[in-house]
Amino acid sequence: MTEVPEALAETQRRYGGAAGRAFIELLPARAAAFLERWELRRTGDPMHGRVALALPVERADGTPAVLKLQTLDEESAGEPVALRAWGGDGAVRLLDHDPDTNTLLLERLDSSRHLSSVADSREAVRILAGLLARLTALPAPGGLRGLGGIAARMLDETPGAARLLGDESERRLLLDCAAAVREVAGESGNRLLHWDLHYDNILAAEREPWLAIDPKPLAGDPGFELMPALRNRYDPAETRWRFDLLTEALGLDRARARAWTLGRVLQNSLWDLEDGERRLAADQREIARALLGRD
């Protein structure tokens, strides 16, 4: 019987509501069912993030793989769609998928080596940028969430959210981010976006040096992809250098990329305010100011 890590159970109980509690309750039986159904043998200890359980396994033919068990929601629903579209080009390969439960069987990568382990932060950014350029080169398959709808909802929520900020300069900054998004929202793009490509979502592999995992796919403008590379391993002195490198690697219009990156500041800030924060996160605030030329 698969034991559910307490940290995963707590996250699902806290944020997943009734669906999260049901997922945790059914997880041991679901793991057992898919181990049998796909003829898998456990070969290691469970791994987990905030929303999924990953079991190292071996297929009947001896191929190493990972069984990923997760809830089916707006973010995770697009994962198999994106992985099939990429077909292993820059991303982990999808070996099997159950649409009813959104359970995935994935190619095994080296979970002990994340891109964040690369000591040279600039080299890590270059590697991430190269992967991101490949992943966003594809048009998005049908049926994925669209950036246009997300942008419209953010703009609707901004006036009320801004009133929750006690600092007038931060309120103006949030409204400036919204203004930048409003200028580009009518042309939100149709590329296949990973949406969460930070350094811990890139693992070492055998067939390629590095591969992306855990997409939360969107159809949209690749400029909306840059924030994780700016914010993770945050270094204020590198913000503009990273932004310049990423826009060049992806062949982006800098003004549009700046607007969509400010859109990520807006998105993250709206989530923080919804969770009860009343100040902008320091790194988000400084990234926005750097892109607006106010640092």
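Guide: Happy to! Let's start with α9 and α10, which are roughly antiparallel to each other, because an angle over 145 degrees counts as roughly antiparallel, one under 35 as roughly parallel, 65 to 115 as roughly perpendicular, and the rest as oblique. Please keep in mind that this is a predicted model, in which local features need pLDDT of at least 70 and side-chain atom pairs count only at pLDDT 80 or more, while totals for chains, interfaces and linings use all residues. Residues are numbered from 1 along each chain as its sequence is written, and side-chain values use heavy atoms, with hydrogens and water left out.

Helix α9 covers residues 254-274 and helix α10 residues 282-291; their axes come within 10 Å and cross at roughly 160 degrees. Axes here are lines fitted to C-alpha atoms, for helices over the stretch in contact, and angles run from 0 to 180 degrees between N-to-C directions. Helices (H or I, at least four residues) and strands (E, at least two) are DSSP runs, numbered from the N terminus. The crossing of α9 and α10 is left-handed, meaning that the near helix is turned anticlockwise from the far one by less than a right angle; clockwise would be right-handed.

On the α9 side, Arg258, Thr261, Leu262, Val265 and Asn268 meet Gln284, Ala288 and Leu291 of α10, with contact meaning heavy atoms within 4.5 Å. Sorted by class, this contact has four nonpolar, three polar and one charged residues. Ala, Val, Leu, Ile, Met, Phe, Trp, Tyr, Cys and Pro count as nonpolar, Asp, Glu, Lys and Arg as charged, and the others, Gly among them, as polar.

Now to another pair: α4 and helix α8 (residues 239-250) pack with axes 9 Å apart, at an angle of about 30 degrees. α4 is therefore roughly parallel to α8, and their crossing is right-handed. Residues of α4 in this contact include Val125, Leu128 and Leu132, while those of α8 include Trp241, Leu245 and Leu246. By class, the contact of α4 with α8 has 10 nonpolar, one polar and three charged residues.
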